Amino acid sequence: MSDKLVVEVPSNILETIYAGAKELYPRESFLLLRGKKSKGRIKINDLLLAPFAAHGHGEVHFNPYMFTGDFSLVGTVHSHPSGNITPSHVDMNYFFGRVLMIVGPPFEGKDCIAAYDSNAEMVSIEITAPVQCGDEEFY
């Protein structure tokens, strides 16, 4: 496990990731992660739907060129409906950002999620307090 990097995921964002994966099961889900990296920690603070993403059985397609210039994107999260939460060679070939997170069934608890750096090394995940947002931030 890579001790260089820690990913902080607010509990409500993790619940949203799991809910989306459950909704699309048995197809793969896919979301972009917004956040900030500081001193070996990546703090996830938002999720972004990939426009025009195609969610299939065993694959997801999206156009990464739709996000040029968005420096708040720190990585991606997707589901493996098989339950195997290790990255495939295809996952690593399409690595985007600083972290790749994978979730698997039953999409509950900390044992159903894993995070990896660009070398496919597992990184630590910390579940933090929920992110609060006001009405003006919710859209």
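## Hairpin of strands 8 and 9

Strand 8 and strand 9 form a hairpin with five residues between them. In the turn, Ala-120 has a positive phi of about 65 degrees. Ala-115 has Val-123 in strand 9 as its bridge partner. Strands (E, at least two residues) and helices (H or I, at least four) are DSSP runs, numbered from the N terminus. Pairing requires at least two DSSP bridges between two strands.

This is a predicted model: local features need pLDDT of at least 70, side-chain atom pairs count only at pLDDT 80 or more, and totals for chains, interfaces and linings use all residues. Residues are numbered from 1 along each chain as its sequence is written, and side-chain values use heavy atoms, with hydrogens and water left out.

## Thr-128

Thr-128 lies in strand 9. Thr-128 counts as partly exposed because its relative accessibility is 26% (buried is under 20%, exposed over 50%, partly exposed in between; 1.4 Å probe, protein chains only).

Beyond four places in sequence, Thr-128 touches Glu-8, Val-9, Pro-10 and Ser-11 (contact: heavy atoms within 4.5 Å). The C-alpha atoms of Thr-128 and Leu-5 are separated by 16 Å, with the two residues 123 apart along the chain.
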